[in-house]
Amino acid sequence: MAYIMLTLLIGMVLGVISVASNPSPYFAALGLVLVAGVGCGVLMGHGGSFLSLVLFLIYLGGMLVVFAYCAALAAEPYPEAWGEWSVLGSVLGYLLLVFGGVSWFWGGWYEGAWVPVDELIEFSVVAADSGGVALMYSLGGGLLVVSAWVLLLTLLVVLELTRGLARGA
Amino acid sequence: MNPFVLSILLLSLGLGTTLTFASSHWLLAWMGLEISTLAIIPLMAQHHHPRAVEATTKYFITQAAAAALILFASTTNAWITGQWDINFNLHAFPASLLTMALALKMGLAPVHFWLPEVLQGLDLTTGLILSTWQKLAPFILMCQIMPVNSSLITFLGIASTLVGGWGGLNQTQLRKILAYSSIAHLGWMVLVMQFNQQLALLALVIYIPMTFSTFMIFKTNSSTTMNTLAASWAKTPALTAITPLVLLSLGGLPPLSGFMPKWMILQELTKQDIPLTASVAALSALFSLYFYLRISYAMTLTISPNNLNATTPWRLQTTSSTLPLAISTTISAMLLPLAPATLALLSP
């Protein structure tokens, strides 16, 4: 399990580097998808299987739209991938930074720091993440209303910002 | 803008600040800040000329960065201490992060660069909302986290008063001057916040009617540069005569109400035995006083010649409501005798 986690975490760091190294939007979106997928794997490994399912479905659903818009808006005949020198330079720079960070914090993390959720409790019937969802609906009613209001507000904001631009308003 | 959408946006602006005021939990405070940022964005971009859109984009990016930093700091705090409470003692590291994030949100000095640029792109009413109402929520949060790294807070305060004075010196654009004036005033508030929050609140409470009057006077004259103020005497003679009082009150001259917070703050700083900080703050107020005086000079203390037709607009009745401006100019000029009552009103 530790090796799988290690692989996933390394994949996550590499994915973040692949986004941050400023390639063409196609490949940046692809890197973001990679990070999200691998992050869901990490969450699942630490006992958040429901959370990772929600994240995968909803976040990647949003990412799909972003990806489609990126592909539609920023279509380039010769996109810059990670092999280009301009991108590869920053990839190497970020890798160097990561290695610096790793050597600085070496030994600070150990496998005991990765205890999955609920592992230290003696016995629990409900997984922590599904229990958290139940708690959110039972105790956090007001907050849910506020969150729904924020979503409505965001919709109105976006509509108001983009309304009538095509006809020169 | 559609009045229904406008009312929803204004209500959400109120909701965001109220949520931040009422919350004792960092997540809810962050939600309130985000709601008020989101709600003001269509108001800022409502005229849709490139300057306004640029200002809106700058504002959105800075506020989103500051909000992300707040979220990160409060999560770190919850991770370290196991607490989400605002009033619970913060760990030192997230406390410093939060201070910087709130400083970025309010536009305090080392991270103030967005404020003049954003304010310059907006119309005066939205600029007024931005420099008064939008400061309230981060200000209250900053008051609540207050016993934090003292040297950081003092640095923010002194830098803000200095930069607020310095930056405004050579400006001819009124909105930029107002932005720098806002930075300087917030510097005074932050400077005293760690010793006496009542005085910081007093400075804010006095600053709001003063800056309201200034924005409204400029709006009545529909002027955004100093040149156009020269024609003010022909439009609204009475207001032109009162304007120096408001401006010098912003500068903090004695018989006007703007003197009250500066006086109390200097007294508090002296009581805390940091005379050097107090002196630097007092001297930096001179920079601000210089540009307030320059506006007064351009507007009132000289009467620029004009042709005969242009000297008559004052005979026409103004269509906008004058009562709020009358009340706020009176407050910003004549509140000093009520200083004990004002202080007592704000004491906890």
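UniProt positions are given here in the numbering of this model, and the annotations may be inferred rather than shown by experiment. With that in mind, the unreviewed UniProt entry places "domain: NADH:quinone oxidoreductase/Mrp antiporter transmembrane" on residues 23–286 of chain B. The model itself is predicted.

**The annotated span of chain B**

Residues 23–286 of chain B are 76% helix and 0% strand. The end C-alpha atoms of this span are 38 Å apart.

**Domains of chain B**

Domain 1 of chain B brings 21 residues to the contact, and domain 2 of chain B brings 26 residues. On the domain 1 side, α5 (114–120), α6 (124–131) and α7 of chain B each supply at least two residues. The most comes from α6(B), with 5 residues. By class, the domain 1 side holds 14 nonpolar and 7 polar residues, and no charged ones.

Two packed helices are described by the angle between their axes and the distance between the axes.

| α3(B) (residues 50–81) and α4(B) (residues 92–106) | about 165° | 9 Å | 11 nonpolar, 5 polar, 1 charged |

Take α3(B) and α4(B), which pack at about 165°. Angles over 145 degrees count as roughly antiparallel, so α3(B) is roughly antiparallel to α4(B). The crossing of α3(B) past α4(B) is left-handed. From α3(B), the contact residues include B:Thr62, B:Gln63, B:Leu69, B:Ile70 and B:Asn77. From α4(B), they include B:Phe93, B:Pro94, B:Leu97, B:Leu104 and B:Lys105.

Now α4(B) and α7(B). B:Leu102, B:Lys105 and B:Met106 of α4(B) make the contact. On α7(B), the partners are B:Lys135, B:Pro138, B:Phe139, B:Leu141 and B:Met142.

**Where chain B meets chain A**

Which helix gives the largest share of the side of chain B that touches chain A? It is α2(B), with 6 residues. In total, 12 residues of chain B are in contact with 9 residues of chain A. Both α1 (3–22) and α2 (26–44) of chain B supply at least two residues of that side. The chain B side divides into 10 nonpolar and 2 polar residues, with no charged residues.

**Chain A**

For chain A, the unreviewed UniProt entry lists "transmembrane region" at residues 25–43, 50–75, 87–108 and 143–162. Residues 50–75 of chain A are 92% helix and 0% strand, with end C-alpha atoms 36 Å apart. Residues 87–108 of chain A are 86% helix and 0% strand, and their end C-alpha atoms are 31 Å apart.

The domain assignment gives chain A domain 1 (1–113) and domain 2 (126–169). Their centres, taken over C-alpha atoms, are separated by 26 Å. Here 5 residues of domain 1 are in contact with 4 residues of domain 2. The domain 1 side of this contact has 2 nonpolar and 3 polar residues, and no charged ones.

Notes:
Residues are numbered from 1 along each chain as its sequence is written. Chains are lettered from A and ligands numbered from 1 in the order in which they are written. This is a predicted model: local features need pLDDT of at least 70, side-chain atom pairs count only at pLDDT 80 or more; totals for chains, interfaces and linings use all residues. Domain bounds come from an automatic or database domain assignment. Two residues are in contact if their C-beta atoms, placed from the backbone, lie within 7 Å. Ala, Val, Leu, Ile, Met, Phe, Trp, Tyr, Cys and Pro count as nonpolar, Asp, Glu, Lys and Arg as charged, and the others, Gly among them, as polar. Helices (H or I, at least four residues) and strands (E, at least two) are DSSP runs, numbered from the N terminus. Axes are lines fitted to C-alpha atoms, for helices over the stretch in contact, and angles run from 0 to 180 degrees between N-to-C directions. Angles under 35 degrees count as roughly parallel, over 145 as roughly antiparallel, 65 to 115 as roughly perpendicular and the rest as oblique. A crossing is left-handed if the near helix is turned anticlockwise from the far one by less than a right angle, and right-handed if clockwise.
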